[in-house]
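Here is a short briefing on one protein chain. Please read it alongside the sequence and the model.

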Amino acid sequence: MVLALLPPLVHAQLPGDEEVQGSKSVRSLKEIRGEDVVRQKWDMSCGAAALSTLLTYDFKDKTPETAIVVWILHRVNPVRVRERGGFSLLDLKHFAQARGYHAEGFSGMTIQDLASEKTSVITPIRLKGFDHFVVVRGIQDGRVIIADPGFGNLTMRVDRFQQLWKNGIVFVVHPPDDRMIQEKKPNEASRLLPDETVISRSIGVSIPSNPLY
């Protein structure tokens, strides 16, 4: 992975605030946080939203979260999905393969392995007893750049990420044509340094019943 040098950290506005300074429009923190991230619609669909984020923004293959959810639920018993708390990496692999991608999962990966990936990858983290999938877009200046389906864009210290990263698991999706791979350019959100408890707040400590399942 080629990591570009980033400009100085930006000072984002509070959500909902917008103003024009000279001829340049200043975007709100909410807009920056949601840039190029598919936000999960249901409590247990973080895996589908993560895969949707990866295909839609890394490979320019617009793939709605709903399309992934419906496809999987036509092939996996919804009761089983609910019992295990969401979709598995195997479910996501089957969808990616059906769409023409090659997908594979690895365990025991190191942070150096993660940094060397040419594209964004999906990783599971475990927090307060719950598993949650996020998209890792790169590592820069000792921080992991994350697209979280439950919160949006954020960065996290490498050591903190390693504490949450489940078994060093990395789910890698390869496009059918290497020309689909976009040059990795950290977006404006990757320069933000938010409170690291945002993931905890977005996941919560309990999963309410979900009518989808």
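Helices (H or I, at least four residues) and strands (E, at least two) are DSSP runs, numbered from the N terminus. By that count the chain has 8 helices and 8 strands. This is a predicted model, in which local features need pLDDT of at least 70, side-chain atom pairs count only at pLDDT 80 or more, and totals for chains, interfaces and linings use all residues. Residues are numbered from 1 along each chain as its sequence is written, and side-chain values use heavy atoms, with hydrogens and water left out.

**Whole chain**
- Of the 213 residues, 46% are buried (under 20% relative accessible area, with exposed over 50% and partly exposed in between; 1.4 Å probe, protein chains only).
- Among contacts (heavy atoms within 4.5 Å) with a separation of 6 or more, 66% join residues 24 or more positions apart.

**Helix α2**
- α2 has 13 residues and spans 17 Å from first C-alpha to last, close to the expected 18 Å at 1.5 Å a residue (1.5 Å times one less than the number of residues).
- Because 12 of its 13 residues are buried, α2 is largely enclosed by the rest of the structure.
- Its buried residues include C46, L51, L55 and D58.
- Their cover includes α3, α5, β4, β5, β6 (143-148) and β8.
- K60 follows α2 and has a positive phi, near 55°.

**Helix α3**
- E65, I68, V69, I72 and L73 are buried in α3.
- These buried residues fall within an arc of 120° seen down the helix axis, so they line one face (the arc is that of the directions from the axis to the C-beta atoms).
- Their cover includes α2, α4 (78-83) and α5.

**T123**
- T123 lies in strand β4 (residues 121-127).
- T123 counts as buried because its relative accessibility is 0%.
- Beyond residues up to four places away in sequence, T123 touches, among others, L114, H132, F161 and W165.
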